Amino acid sequence: MDLSERKLKILQAIIGDYVKSAEPVGSRTLSKNYDLGISPATIRNEMSDLEEMGYLTHPHTSAGRVPSDKAYRLYVNTLMEKKELSQEEKNVIAESLKSNVNEFDETIKHAAQILSDITNLTSFAMTPNKNEDVIKYINLLPVDEETVVLMIASESGKISNKAISLNGPYEEDKLELLAKTLTYNYRGHKISDISTGKLISSIKSDVDALSGLEENIMPSFLKTLNEMLNVNLYMEGLTNIFDIPEYNDLKKARGFMELLGQKENFTRKLIERDDGVIVTIGEENSDDVMNDCSLITATYQVDGKMIGKIGVIGPTRMKYGEVTSIIEYLTDNLNSAFQLEGGKNGQKED
């Protein structure tokens with residue numbers, strides 16, 4: 001059954017009022033605060049119909065109604081109006097990201113902080129899944145008689161440095177030759193292919209001729225590649241939930257904190273989500289502990305290639321239009337910043 005224009009107006013008013021007040025909405029409130037052009041009795045009848053259709057629920061302790069997940073979904077899909085950000089908000093986002101863009105992970109972490117500050121929600125930002133990243137060059141730098149530094153640089157700008165202790169002294173010319181051999185054989189190949197050992201046998205004869213250096217270096221080489229594939233998740237504003245009425249219930253608050261404390265599990269959920277701006281509401285989320293939450297994620301790109309995710313998690317009673325507008329503007333700025341910087345945004349790791 002399609003909703004009439006009158007029912008849609010009433011539902012939109014209820015959602016707007018409930019999002020602002022966190023209090024169940026009654027017909028008297030709607031009649032008093034919204035120019036709906038109908039009597040309180042008619043509003044009550046329409047609200048009863050909306051409840052029967054599954055768009056409203058009726059808390060036992062109140063005469064008013066609250067929107068259901070179904071109502072929020074309808075709102076997001078058809079009724080939501082995007083909010084134009086203020087110039088001050090735009091300036092904060094643009095300037096903050098521009099000042100940090102040379103340090104990749106710091107930029108992503110800072111983006112999560114900005115998002116939390118503006119929305120007053122718990123935010124997160126996930127670095128890209130680097131399975132498509134490829135090797136740019138490999139170097140081996142002498143430190144002392146039995147220590148070298150393995151440096152691996154990828155096309156995305158990620159740089160990893162790892163100190164390796166050898167079993168004994170080495171010859172610098174052979175160290176240099178091994179670095180050139182590794183670069184020659186692996187440049188342009190996906191890190192994920194090399195880290196799984198798919199390409200190792202193809203240069204075994206070249207490496208074996210280098211006086212045993214490979215016995216110390218190759219295991220560290222593979223381990224470092226796997227570390228470069230790791231996805232980092234940054235979370236900000238975890239304590240913001242204590243300012244949200246829905247989480248005055250300590251059991252709910254504890255469940256929320258436990259959910260976000262399981263970073264590996266939460267990261268996996270984010271990786272599995274589709275690209276673009278995605279909103280999942282209440283029971284649309286696969287995890288039972290998220291049945292009272294809404295999750296909004298968006299994707300950003302690094303140099304037009306690798307994709308990471310950023311977003312917020314909070315109660316279903318959320319300012320969807322405002323939050324999605326902020327996230328979209330933030331991701332647009334991330335895309336522009338990383339595209340301009342290209343390979344300059346690498347972060348060195350120990």
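Here is a short tour, one selection at a time.

First, some ground rules: this is a predicted model, so local features need pLDDT of at least 70 and side-chain atom pairs count only at pLDDT 80 or more, while totals for chains, interfaces and linings use all residues. Residues are numbered from 1 along each chain as its sequence is written, and side-chain values use heavy atoms, with hydrogens and water left out.

**Stop 1: the largest pocket**

Select Tyr18, Val66, Glu246, Lys252 and Thr316: of the 21 lining residues, these are the closest to the centre of the largest pocket. Its volume is about 470 Å³. A pocket here is an open set of points on a 1 Å grid over the protein atoms alone, where a 1.4 Å probe fits, with protein on both sides within 12 Å along at least five of seven lines; lining residues have an atom within 4 Å of a point. The volume is the space filled by probe spheres set on the points.

Now colour domain 1 (5-79) and domain 2 (87-129 + 231-342); both give residues to the lining, so the pocket lies between them. Those domain bounds come from an automatic or database assignment. Strand S2 (66-67) and helix H4 (69-79) each supply at least two lining residues. Helices (H or I, at least four residues) and strands (E, at least two) are DSSP runs, numbered from the N terminus.

**Stop 2: alanine 22**

Go to the loop between helix H1 (5-21) and helix H2 (27-33), where you'll find alanine 22. Its phi is near 65 degrees, a positive value in a residue other than glycine. Most residues other than glycine have a negative phi. Alanine 22 has 18% relative accessibility and counts as buried (buried is under 20% relative accessible area, exposed over 50%, partly exposed in between, with a 1.4 Å probe and protein chains only).

**Stop 3: helix H6 and what follows**

Select 104-119 for H6. This helix has 16 residues and reaches 23 Å from its first C-alpha to its last, close to the 22 Å expected at 1.5 Å a residue (1.5 Å times one less than the number of residues). Its buried residues include Phe104, Ile108 and Leu115. Just after H6, asparagine 120 takes a positive phi of about 60 degrees. Is asparagine 120 buried or exposed? It is exposed, with a relative accessible area of 52%.

**Stop 4: threonine 297**

Finally, pick threonine 297 in strand S9 (residues 293-302). At 0% relative accessibility, threonine 297 is buried. Show arginine 273 too: the two side chains make a polar contact (2.9 Å), meaning a pair of N or O atoms within 3.5 Å, one able to donate a hydrogen and the other to accept it.
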